[in-house]
Structure formats: structure tokens, C-alpha cells
Amino acid sequence: MDLFLQRLFDALTNGSTYALIAVAMVLIFKATTLINFAQGEQAMLGAFIVLQLWKWGIPMWGAVVIGMLFSGILAACLERTFIRKFDPADHLPLVIITLGLFLVINAVAAIIWRFDPLSFPQLFPSGKAVTIGNARLSWYSIFAFGSCLLVLFTLQTLLTKTKIGLAFRAVSSNLESSRLCGIKIGQTLQFGWALAAAAGTLGASIYAANPVLQIEPTIMLRALIFSITAAALGGLDSLWGALLGGLTIGFVQSVVVQYIPFIPNEMTLAAAVVVLLIVLTFRPSGFLGTKTVERV
Amino acid sequence: MIKTLLEVDELTATYGQIEVLHGIKFHVQPNEIVVILGANGAGKTTTLRAISGMVETTGSIAFNGDSIIDLEPDYIVRKGIAHVPQGRGTFPELTVEENLRVGAFIRSDNEIKADLDSCYETYPVLYERRMQSAGSLSGGEQQMLAVSRALMSKPELLLLDEPSLGLAPQIVEGLFERFKKMNQQLGTTMLIVEQNAQIALAMADRGYVLESGEIAVEGEAKLLVNDDAIRKAYLGG
Amino acid sequence: MAPKITLTKDTPQYRNLRALMWISLVLFFLLVAFAYVDVGSIAIGSNKYNLSLIRLNKAIAYSVAILGLQVVVGYTGQIALGQSFFFGMGAYISAWLVADHSWPFLLTLLIVIPGCFLIGMILGLPALRIRGLYLALLTLGLAALFPTIVKLDSLYAYTGGAGGKLTTNKVTGSQYKFAPPSWLPLDEIAQALQNIPLVGGYFGDGPLSNREESRMWKFILFSLVAAFCFWLISNLIKSKPGRAMRAVRDNETSAAVSGVNLAMTKTISFGIASALGGIGGMIYVAEVGIASPDDFSSLVAIYLIVGLVVGGVGTLSGAVIGGLVYALIPDWASSTQSISFVPQRWLQGPTGSLILGLLLIILTLFMPGGISTAAKKVKNRFVIIQTQNKSGIV
């Protein structure tokens with residue numbers, strides 16, 4: 001029982017990270033029906049910027065905020081320069097561009113910061129908050145999950161109570177009518193990309209702030225598949241679905257896989273891909289997504 | 001001399017390689033209701049989309065004397081043209097009220113709330129359903145919503161693409177009655193594209209008939225109703 | 001502006017010119033083979049760029065794999081990104097058969113081809129329900145899975161786990177010998193080339209050593225295998241199934257309405273692509289001597305896509321170009337120790353993937369048809385090829 005609880009707590013930690021990256025992917029998908037393969041790397045770059053700012057003496061959370069801002073601006077530039085030139089209905093060039101960005105951003109981070117693992121500032125108080133029997137829930141897990149919820153509530157408010165949020169949801173609902181209402185599509189999409197990058201940076205920062213981890217350029221590679229699966233599972237156009245999906249994948253990773261006796265640890269990745277396969281083939285709208293996802 | 005509100009000349013429109021409009025010419029005067037009739041594929045929808053800047057065009061389109069042919073759609077809306085697309089074009093995931101607010105997107109004045117209220121007065125059913133998602137509305141209700149949304153931008157010219165499509169006859173009647181009232185009370189100029197020639201000509205001032213991307217007939221609505229060719233083709237003899 | 005040369009198809013003039021072109025190609029090919037049979041390098045500035053048959057053999061392997069991508073992505077329009085899976089499958093199957101069962105490499109194709117074809121068809125089944133980037137997503141996920149599968153404990157006997165599978169024969173303890181047949185006058189040709197005044201030095205000195213002969217033979221064999229694959233695919237494209245594939249790519253609804261069996265066409269296209277991936281894998285492992293899990297990761301899948309795009313999606317020559325790009329660019333990027341205006345620091349680290357990523361982006365933006373399409377455009381400025389009309393009048 002204690003082991004199960006411990007695993008559940010671990011699920012919360014990882015799940016929150018996947019959820020945040022998944023949220024980023026959902027934002028971009030809602031706005032553009034595109035899956036941004038470079039999301040994880042953008043997040044990783046953002047986390048490195050946070051690290052660098054912190055090393056230059058800026059207080060921890062200040063660095064995070066500035067890092068988020070910076071990656072938001074960078075993402076807006078990327079959208080403007082590369083993504084906007086393409087017809088959103090033609091997936092192939094866009095997939096290829098995001099793959100290209102994936103390679104470039106990863107390489108740039110590795111060139112600047114090398115591959116040696118570095119210590120990331122501890123954003124949250126350390127130590128265990130709750131102990132049930134032998135299972136320990138660390139402050140880190142609680143805060144990670146809490147940040148996730150905070151981000152979602154902020155996004156919810158942003159999207160429902162502000163004008164630009166309304167524009168974003170309009171564009172994601174009906175592109176042509178949005179044009180006819182005078183919404184500037186380009187700017188709205190840029191906003192979406194910026195938000196997504198900021199959310200991703202926060203997610204990567206929280207992930208790296210895990211006391212048992214260190215940051216290096218490959219940190220988000222594995223997380224990408226898990227986050228994409230989480231987004232698909234929750235419904236690619238549902239933000240709360242991303243949270244649900246993230247927690248579910250975390251759960252599958254930490255709990256389910258451990259209890260299936262003949263599947264070794266490596267198979268967490270396999271489990272995620274299998275989940276992805278099942279979701280995309282049989283229920284592309286996931287848990288909470290709208291049902292008009294592209295089908296043959 | 002009344003200044004022409006919309007002046008279109010030598011307008012061609014192309015989708016990729018295919019030319020759909022072959023140099024058409026028409027105009028709309030302020031406070032008029034002008035109707036464009038035609039069969040499917042004649043180019044009616046393309047005409048409206050050309051005005052809204054959504055299609056590749058050559059020729060000239062002048063609105064209040066200014067050329068708008070090369071402008072982006074969001075700029076054209078700000079000039080005072082609102083377009084209700086074919087199939088209503090509502091935002092299904094947004095609520096009724098949100099749909100209306102998007103309609104007012106280009107405005108930043110204080111009267112948006114007042115205009116919302118007057119819209120609800122005109123269409124009480126929209127008020128009832130104002131917190132429901134637009135996708136859950138019936139066809140007729142969506143049409144009311146679409147038109148109201150267009151009006152929220154306080155346009156000088158309202159473009160309507162086949163408003164009767166998919167709606168029951170009584171609803172269509174009520175709809176067009178409201179259009180007439182809108183035109184009389186608010187002075188909104190309307191350019192309506194329709195297949196339902198009967199009801200459209202009944203309330204319009206003038207009409208054009210589009211055939212295969214060219215204007216075949218034009219004239220006052222009263223006279224078109226009585227025209228033999230039109231009767232045969234569009235009014236069932 | 002050079003005057004345009006007009007050529008008419010099916011005239012003797014045209015046929016002679018084409019024959020000349022192919023002969024020169026083969027000659028050039030032989031020259032390259034003999035010039036680089038040993039490790040050679042080109043020096044630019046203070047950097048040495050290696051070029052050798054080893055690299056070129058890898059390029060052949062990649063080219064065949066990318067040819068597979070041309071079939072499924074270029075000609076059938078399915079965004080299938082998981083080619084590294086089948087590349088790896090072919091490599092591991094070959095390695096296992098050669099090492100554990102003493103099969104000659106080429107014979108392993110008898111298992112590799114049907115095996116990869118079948119698995120490719122099965123893994124392609126989701127494509128019947130999923131399209132566009134969802135398919136891209138799924139196939140990339142499957143590609144990511146390959147190293148995991150190969151590292152499974154239960155498959156250790158076949159795959160050698162994380163350490164990889166050597167192609168060294170278990171019984172004899174030595175590598176498979178690629179020995180050229182005795183009737184092939186390799187030494188004579190080498191001698192002849194060395195005697196050419198001025199450039200003779202490029203072709204080495206003296207007869208070929210055993211290792212060089214083996215390398216040469218591998219190069220010739222692999223090229224023949226690859227050439228055969230290309231020839232088959234070029235015929236496939238012109239045939240009825242090939243047209244069906246292109247119809248599916250251009251507009252699925254129209255294709256279905258015209259009587260194309262969508263499911264069949266897509267599945268077969270996946271099968272063919274996977275089989276080609278497997279063949280490429282076999283060539284790769286025959287050259288490299290070991291199949292290790294990280295050589296077939298999803299990163300490799302992405303690099304193969306880079307090759308596809310840079311070469312030119314939907315072209316045959318694009319596969320060749322793509323293979324060369326993948327085999328040479330990352331290696332040359334890391335060989336660049338100094339360029340005058342670039343700080344040293346920037347040249348260390350994964351410059352290879354930086355350049356490949358940049359190529360991907362820049363080409364998609366400015367040269368979406370890849371290098372082969374651009375080259376074709378250049379060719380068209382100087383040469384026009386027209387067909388004769390029926391009465392023979394030009």
C-alpha cells in the first residue's frame with residue numbers, strides 16, 4: 001500500500017510536467033490545428049535561459065518570469081518568420097518545419113551550454129510535506145501540481161475574460177468567420193505561440209527544479225512523447241484535458257507499468273506509444289476534446 | 001447626386017487556376033437592398049467573398065469612393081462592411097453572447113453593451129440562450145445570431161450569403177421581414193445573395209442575375225419579378 | 001543567355017544523348033570508387049573533410065531508406081516518419097542471420113524484404129483511419145520505440161541488448177568476407193587509372209590491398225542492389241499501382257471516386273517503403289559491422305526526413321542526394337575545426353544536427369522541391385525536351 005501511494009505521488013510529479021508541456025501543445029493546436037514537434041525543445045531552451053539569468057544573479061522566480069517572457073517573444077518571432085508562410089491545411093511542410101526547429105533549438109542549446117548536467121535552482125521548498133506510512137509526498141510534488149493548476153486557471157481566465165483571449169478562441173473555433181469579424185489572425189496566432197512557449201518554459205523549469213534531477217539539453221526529449229500522448233489523450237483542443245491527460249500518463253508511467261510484471265522499466269515509453277496508438281485510432285478526440293478531429 | 005456606396009467594375013475572381021467571375025459590374029446605393037440571384041456555382045458566394053477580400057481578384061471595388069480591392073479582410077471590416085457567410089459562420093464553441101462580442105471586435109467604444117441589449121430586444125430567443133454555445137442553436141436561431149453579430153460592428157453595408165439556406169419557409173419569411181425592417185429603421189444597406197428568388201425580389205429594391213460568372217440580367221426588383229426568363233428559371237414559370 | 005537546346009523524345013539524337021549520359025554516370029561512379037577506395041580527404045582551409053567508400057556505402061544505405069520514404073511520403077502522400085524502425089529491423093535481422101546462422105549478407109534479403117514488408121503493412125494499418133499530422137505523430141512514436149524493443153531482455157539472444165549485435169560470425173569468429181570474384185580486373189583498372197598523366201596520383205599507388213578490394217566489392221554490390229531498387233521503383237511509379245498512389249496523394253476523395261482502392265494502395269505503399277527501409281538497414285549493417293540500438297532512434301528517423309526533404313520529396317534523384325547529405329554533412333560539420341569568422345566555440349557540439357535542421361527549415365521555405373527540383377529547373381533553362389506528335393512532325 002505504501003509503495004502504491006509512493007508511486008501515486010511520483011505520478012503527480014511527472015504528470016504535472018507532462019501536463020504543462022501538453023497544455024502548451026494544446027494551445028498551439030487550438031489556434032492552428034498544428035502539432036508543434038519543437039515544443040519540448042522550446043521549453044528546454046526557456047529553462048536554460050532561466051538558469052542563465054539565475055546564474056547572473058537574478059532572483060529565482062524573477063528569472064523564471066523573465067525566461068517565460070523571453071521564450072514567449074522568441075516563439076512569436078518563430079511563428080511570424082516560419083509558420084505563418086504556410087497554408088494551415090497543408091500539414092506536411094509545417095510538420096517538417098517544426099522538426100527542423102526541433103533539431104536547431106536542440107543543437108543551439110547544446111552548443112551554448114554543452115551537455116554536462118547543471119544544477120537548476122530549487123524553485124520550491126525541499127523536504128517532505130506529508131508522510132503516510134512509508135510513502136512520502138514531497139513539497140516539490142505539491143508545488144509542481146499546484147503550479148499546474150495555477151497555470152490552467154490563469155489560462156482559463158485569460159482566454160475567457162480578455163479580448164485577446166476571445167479572439168484566440170474565435171480563431172480556434174472558426175477561422176474564416178474570425179477574419180470576417182476583423183480579428184487579426186496573425187497577431188492572434190502569435191499570441192497563442194507566445195503563451196504556449198511560456199507555459200512550456202514553466203513546465204520545463206519545474207521539471208528541472210526537481211531535487212533529484214539536473215538540467216541538460218536532452219532533458220525534454222523523452223518528455224516530448226509523453227506530453228504529446230498526454231495532450232492527445234486529454235483531447236488535443238482541451239486545456240483541462242491536457243491536465244487530465246498529463247496526470248493519466250504520469251499514472252500509467254509510475255503505477256500501471258510497475259504492476260504489470262513482465263514489462264520492464266523501459267516499457268514506460270512503449271506504454272505511452274501504445275496509449276497514443278489507441279487514442280488516435282479509436283478516439284481521436286480523447287477525454288475532453290471536441291469530436292470533429294480529422295478522420296478519413 | 002447620391003454617392004454610390006459600393007461600386008464594382010470588371011471584377012474577376014480566381015480560385016487557384018480557375019476563374020470564377022469574368023469581369024462583372026454592379027453597384028449598390030446607400031439604403032438600398034440589392035439582391036444577386038443565380039443558380040449554384042454561378043459565382044454568387046464568390047462575389048461576396050471578393051468584396052470581403054477573401055479571394056484573389058482583379059478589377060476594381062470601391063467603397064465610399066475608396067478602393068478596397070487589395071485590402072485584407074480585417075481592414076475591410078473596419079471600413080464598414082460586414083459579411084454573414086454562407087452557412088451562418090457562427091462560432092459553435094463560443095456562447096451566443098460571446099459570438100456577439102466577437103462581432104463587436106473592431107469597436108472599442110462604450111456602447112457595445114447597449115447594442116447587445118437592443119439585439120436581445122429584437123431577438124428575445126437569443127437573450128434566453130445567451131449563455132448557451134452557439135452550436136446548440138437551431139438553424140433559424142443561428143441565422144438570427146449571425147446577422148446580429150454582423151450588425152454589432154455597426155456596418156454601413158451588410159453582405160448576406162444565402163440567408164434562407166436550410167431554413168423552414170416560415171422562418172425565412174420572418175427573417176426577411178426583419179431584414180426589411182432593419183433596412184427601413186436603421187437604414188442599413190444590404191447586398192443579399194440568394195437562390196430563393198421569390199422572397200428576395202419581394203423585398204429588394206434592385207436585383208442582378210448571375211450566370212456562370214457573368215451578369216445576365218439586371219434591373220429593378222419589381223420588373224425582374226415580371227420578367228419572363230426569370231420567371232421560368234427562378235420563379236417556377 | 002545560352003541558347004536553349006531542344007531535344008525531341010524518341011529520336012536517335014535523344015536516345016544517343018541519354019546513352020551517353022548513363023555511360024558517363026557509370027564512368028564517374030567508377031572513378032569515384034577508385035579514387036576513394038582508401039580513406040581520402042578534401043582539405044579546405046585548415047579543415048580536413050573525409051570522403052571514402054565507407055561513407056559512400058553508408059550513403060547508399062541511407063539512399064535506399066529514403067527511397068522508401070519517397071514511395072510512402074513522396075508518391076502516396078502519407079506522412080509516415082518512422083523509417084528508422086525498418087532501417088533498424090533490416091539491420092538487426094541481417095546481423096542475426098549472418099552472425100548466428102552464417103548466411104551471406106545478400107541472402108538475408110530473402111527474410112528482410114518480406115519481413116519488413118509485412119510489418120510495414122501492419123504498422124501502416126492506422127493510416128487507414130488517421131491522416132496528416134496524427135499519422136506523423138504516431139509513426140514518430142513507433143520509431144521512438146525501436147531502441148526500446150531491441151533492448152528488451154527477452155530478445156537479448158537475438159539483439160545483443162544495449163551493446164548491439166555484431167555481425168561477426170559466431171562459429172568462425174570473423175567478419176563476413178566480401179571478396180570480389182577473380183574475373184573482375186580491379187587491379188588492372190586501378191593500374192590503368194594510376195597511369196593517367198597528371199591525375200593518376202588520385203587513384204592510389206600500386207594494386208589494391210585485400211581490404212581495399214573488399215571495400216570496392218561491397219561498394220559495387222551495394223550500388224547494384226540500390227540501382228536495382230531504384231529501377232524497380234521508377235517502373236512502379238509509371239505503372240498502374242504507381243498512378244493509384246499518386247492519385248491518393250493528390251486527392252483521396254477523387255481517387256476513391258475514380259475507383260482506386262484506398263486501403264489497398266496505402267497498405268502496399270507502406271509495405272514497399274518498409275521493405276526498402278529494411279534493405280537500407282542491411283546495407284548499413286554490412287558496412288558498419290554492428291547493429292546497435294541508438295543507431296536506429298527516432299533522431300535517425302528525423303535525419304532520414306531531412307535527407308528526403310533536402311533531396312526533394314517525390315523524386316528519385318532526391319533519394320540519392322538525401323542519402324549523400326545524411327552521410328556526409330553531419331560528419332563534415334564536426335570535421336570543421338575552424339572557419340575564419342566563426343568563433344571556435346560555435347564549431348564544437350552538435351553542429352551536424354544544427355545544419356541539418358537549418359537545411360530543413362530553409363529548404364522548406366525557399367526550395368520546397370529540394371535540390372533535385374531546383375536542379376531540374378536549372379536544366380530546363382538550357383534544355384527543353386519535347387515529345388513528338390503522332391505524324392512525326394516536331
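What percentage of the 296 residues in chain A is buried? Buried residues make up 57% of them. The model behind this value is predicted.

## Chain A: overall build

Chain A has eleven helices and two strands. Along the sequence, the pattern reads α-α-α-α-β-β-α-α-α-α-α-α-α. The C-alpha atoms of chain A fill a box of roughly 60 × 50 × 35 Å along the principal axes.

How does the radius of gyration of chain A stand against that of a compact globule, and what is the value for 296 residues? A compact globule with 296 residues would have a radius near 19 Å. Chain A has 19 Å, so the two agree.

## Chain A: a residue with positive phi

Arg114(A) lies in a loop of chain A. Helix H4 (91–113) is on one side of this loop, and strand E1 (128–132) is on the other. The phi angle of Arg114(A) is near 60 degrees, a positive value in a residue other than glycine.

A buried residue would need 20 or more, and an exposed one 12 or fewer.

## Chain B: a sheet and a helix

Chain B holds an open sheet of four strands. Their order is E2-E1-E4-E5, and the pairing is antiparallel. Which strands form the edges? They are strand E2 (18–28) and strand E5 (66–67) of chain B, each of which pairs on one side only.

Strand E4 (residues 56–63) of chain B pairs with E5(B) over two bridges, in the antiparallel sense. Phe63(B) has Asp66(B), in E5(B), as its bridge partner. Helix H1 (residues 44–51) of chain B packs on the sheet. This helix touches strand E1 (6–15), E2 and E4 of chain B. The direction of the helix makes about 70 degrees with that of E2(B).

Strand E1 of chain B includes Glu10(B). Here phi is near 50 degrees, again a positive value in a residue other than glycine. Glu10(B) counts as partly exposed because it has 13 C-beta neighbours inside 10 Å.

## How the chains meet

Two pairs of chains touch, and the most contacts are between chains A and C. In that pair, 35 residues of chain C are in contact with 37 residues of chain A. Helix H5 (132–150), helix H12 (298–311) and helix H15 (351–366) of chain C each supply at least two residues of the side of chain C that touches chain A. H5(C) gives the most, with eleven residues. By class, this side of chain C has 24 nonpolar, seven polar and four charged residues.

What of chain B and chain C? No contact joins them. Their closest C-alpha atoms lie 15 Å apart.

## Chain C: an exposed proline

Pro343(C) lies in the loop between helix H13 (316–335) and helix H14 (344–347) of chain C. Why does Pro343(C) count as exposed? It has 8 C-beta neighbours inside 10 Å, and a residue is exposed with 12 or fewer. Pro343(C) and Ala162(C) are 181 residues apart along the chain. Their C-alpha atoms are separated by 37 Å.

Terms used. Residues numbered from 1 in each chain as written. Chains lettered and ligands numbered in written order. Predicted model: local features only at pLDDT ≥ 70, side-chain atom pairs only at ≥ 80, totals over all residues. Contact = placed C-beta atoms within 7 Å. Nonpolar A, V, L, I, M, F, W, Y, C, P; charged D, E, K, R; others polar. Pairing = 2+ DSSP bridges. Axes fitted to C-alpha atoms, helices over the stretch in contact; angles between N-to-C directions. Rg over C-alpha atoms; globule rule 2.2 N^0.38 Å.
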